[in-house]
Amino acid sequence: MPTPSTPAAAGLMLHDGPALPPLSHFKLAAFDMDSTLISIECIDEMAALAGKGEQVAAITEAAMRGEITDFRDSLQRRLALLAGVPATVLDRVLAERLTFNPGARELCAALKAAGLTLVLVSGGFTFFTRYVAAELGMDFVRSNELEIADGALTGRVVMQDWGDICDGEQKRRMLLQCCAAIGCQPHEAIAVGDGANDLPMMGAAGLSVAYHAKPRVREQARIAINEGGLDRLLELLK
């Protein structure tokens, strides 16, 4: 049963609950990347350039809606479709298709100015998270490393020191690890996302924010930004 919600302003919903603390209460903000900080799903754009767009996008949509509940399985299925695609497709997506969502730069700058630690935790790929993290001043980053051999994608990811696939549980774990690293409590963290695999970290944070999100995510988040940019969060955190 969704929590009752109140329109805080046009396109901005606040679910009923305790009074929101001020921005000064928070010490950390964790962000999803694809369709949250940036306007695209990178894997869908890679697939479109490789002529596999419809097949991959259908799996992405089902996973983000929560219809495919195993993110690991959905990612492996999508990557398998891209085996053999030249790795230059990554450069093309970054140069031609990756754009930041409205308010992303403004929100991150405001949070940094307020002293928050910023975390980028993505089910996407390090090729793109490195760029986004550098542009937005992220302090911690976790995402998937694509395996490339002979100049082409293999359809697999590389094992990293924390694991191989950054799924919903890994996102939650990353948020908690970063809180511990800077000495703050989870209730002092904000988590922002749009898809079902963001729900575990959103549930662990003191404040959950859904940005132009799937219905299930909008229902479970404390704040839902349904119109306008990411910086609309600042309208509620004074």
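These exercises walk through a predicted model, one step at a time.

Residues are numbered from 1 along each chain as its sequence is written. Because the model is predicted, local features need pLDDT of at least 70 and side-chain atom pairs count only at pLDDT 80 or more, while totals for chains, interfaces and linings use all residues; side-chain values use heavy atoms, with hydrogens and water left out.

**Exercise 1. Find the order of the strands in the open sheet, and say which strands stand at its edges.**

Step 1. Helices (H or I, at least four residues) and strands (E, at least two) are DSSP runs, numbered from the N terminus. Two strands pair if DSSP finds at least two bridges between them.

Step 2. The open sheet has nine strands in the order 1-2-9-8-7-3-4-5-6, and its pairing is mixed.

Step 3. At the edges you find strand 1 (5-9) and strand 6; each has a single partner strand, so one side of each has no neighbour in the sheet.

Step 4. On average, neighbouring strands are turned by 25° against each other, direction ignored. Angles otherwise run from 0 to 180 degrees between N-to-C directions, and axes are lines fitted to C-alpha atoms, for helices over the stretch in contact.

**Exercise 2. Follow the pairing from strand 3 to strand 6.**

Step 1. Strand 3 (residues 28-31) runs parallel to strand 4, joined by four bridges, and Leu28 stands opposite Thr117 in strand 4.

Step 2. Strand 4 (residues 117-125) pairs with strand 5 (residues 140-149) in the parallel sense, again over four bridges. Between them the chain passes through helix 6 (residues 126-136), giving a right-handed β-α-β crossover (with the strands pointing away from the viewer, the path from the first strand over the helix to the second runs clockwise).

Step 3. Strand 5 and strand 6 (residues 152-158) pair in the antiparallel sense over four bridges, with Glu145 opposite Val158. They form a hairpin with two residues between them, and Asp150 in the turn has a positive phi of about 55°.

**Exercise 3. Is Arg142 buried or exposed, and which residues does Arg142 contact?**

Step 1. Start with its place: Arg142 is in strand 5, and Val121 stands opposite Arg142.

Step 2. Arg142 has a relative accessible area of 10%, so Arg142 is buried (under 20% is buried, over 50% exposed, and in between partly exposed, with a 1.4 Å probe and protein chains only).

Step 3. Contact means heavy atoms within 4.5 Å. Leaving aside neighbours within four places in sequence, Arg142 is in contact with Leu120, Val121, Ser122, Trp162, Cys166, Gln170, Met174 and Gln177.

Step 4. Now look at helix 7 (residues 168-182), which lies across strand 3, strand 4, strand 5 and strand 7 (189-193) and runs at about 130° to strand 5.

**Exercise 4. Describe how helix 2 and helix 3 pack together.**

Step 1. The axes of helix 2 (residues 53-65) and helix 3 (residues 71-81) come within 9 Å and cross at roughly 170°.

Step 2. That crossing makes helix 2 roughly antiparallel to helix 3 (under 35 degrees is roughly parallel, over 145 roughly antiparallel, 65 to 115 roughly perpendicular and the rest oblique).

Step 3. Helix 2 makes the contact through Gln55, Val56, Ile59, Thr60, Ala63 and Met64, and helix 3 through Phe71, Ser74, Arg77, Arg78 and Leu81.

**Exercise 5. How many of the residues of helix 1 are buried?**

Step 1. In helix 1 (residues 42-49), six of the eight residues are buried, so helix 1 is largely enclosed by the rest of the structure.

Step 2. The buried residues are Cys42, Ile43, Asp44, Glu45, Met46 and Ala47.
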